[in-house]
Amino acid sequence: MRVALFLTCVNDTLYPDTGRAVVKLLTRLGVDVDFPLGQTCCGQAHYNTGYRHETEPLARHFSDVFGEYEAVVTPSGSCAAMVRELYPRLGERARAEGRGQTLARTLAPVVPKTYELTEFLVDVLGVTDVGAHYPRKVTYHPTCHGLRALRLGDRPRRLLEAVKGLELVELPGAEECCGFGGTFALKNADVSAAMGADKVRAAESTGAQVLCAADNSCLMHIGGTTSRLRSGLRPVHIAEILASTEEEPAL
């Protein structure tokens with residue numbers, strides 16, 4: 001199977017190791033992974049800030065870059081949700097404004113074949129045991145887009161439960177937002193910081209060494225909070241856990 005890795009802006013700029021982990025993991029599972037160099041932002045930040053028309057060229061470009069692949073895999077629930085949930089809305093709004101169906105037709109091919117990493121593993125490849133080894137106590141935070149938009153459900157947990165050596169502990173208030181929310185963290189900094197502190201304290205109460213999630217944007221917010229609170233809790237993307245093996249362990 002030939003798939004494209006859509007790394008996303010945050011990962012490309014700040015967390016390239018997550019992208020490397022995805023490639024390592026999928027290659028180990030027999031998937032042919034390509035990284036199209038023409039990829040750019042999916043437009044999520046623009047759309048969420050109200051710049052809908054400015055989002056359209058980015059969405060068209062996304063479709064041009066990724067349209068030829070059997071599947072598009074991304075280690076980001078929020079960006080996967082942007083393509084799957086909001087690209088169709090872009091097309092609908094363009095039609096409603098009398099601009100025809102061109103945008104909707106352009107975007108339609110990439111919508112159903114764009115997957116967040118854990119749903120690609122479980123739903124498309126049909127695996128939960130990926131041969132990972134990660135001997136640490138871990139708690140899992142389901143991020144908002146994965147939980148509410150993509151409805152990932154127990155897919156990430158099933159993958160983590162199959163990791164050798166990993167002890168998975170329940171996170172109190174797991175379904176509560178960490179407080180990031182993109183520009184929400186900038187516009188409502190005090191509320192965002194308080195929500196982040198609540199999330200970190202809940203994770204600390206489990207005794208976990210690692211807080212795991214499927215979105216590095218949320219982990220970035222949580223990581224900033226752990227630093228300010230001088231917490232020993234370590235935020236780690238699920239891809240890096242699943243890529244870790246006894247022969248090539250994660251740091």
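How many helices and strands are there in the protein? There are 13 helices and 8 strands, where helices (H or I, at least four residues) and strands (E, at least two) are DSSP runs numbered from the N terminus.

**A note on the model.** This is a predicted model, so local features need pLDDT of at least 70 and side-chain atom pairs count only at pLDDT 80 or more, while totals for chains, interfaces and linings use all residues. Residues are numbered from 1 along each chain as its sequence is written, and side-chain values use heavy atoms, with hydrogens and water left out.

**View 1. The whole fold.** Take the contacts between residues at least 6 apart in sequence, and 80% of them join residues at least 24 apart; contact here means heavy atoms within 4.5 Å.

**View 2. Strand 3 and its two partners.** Strand 3 covers residues 71-74, with A71 and V73 pointing one way, V72 and T74 the other, and all of them buried. Strand 1 (residues 2-5) pairs with strand 3 in the parallel sense over 3 bridges; two strands pair if DSSP finds at least two bridges between them. Look for L5, which stands opposite V73. Strand 4 (residues 114-116) also runs parallel to strand 3, and 3 bridges join them. Here V72 has T114 as its bridge partner.

**View 3. T8, a positive phi in a loop.** Most residues other than glycine have a negative phi. T8 is not a glycine, yet its phi is positive at about 85°. T8 is found in the loop between strand 1 and helix 1 (9-14). Is T8 buried or exposed? T8 is buried, with a relative accessible area of 7%.

**View 4. R151, another positive phi.** R151 isn't a glycine either, and its phi is positive at about 55°. The loop that holds R151 lies between helix 8 (144-149) and helix 9 (155-161). R151 counts as exposed, at 58% relative accessibility.

Notes:
Buried < 20%, exposed > 50% of the residue type's maximum accessible area, 1.4 Å probe, protein only.
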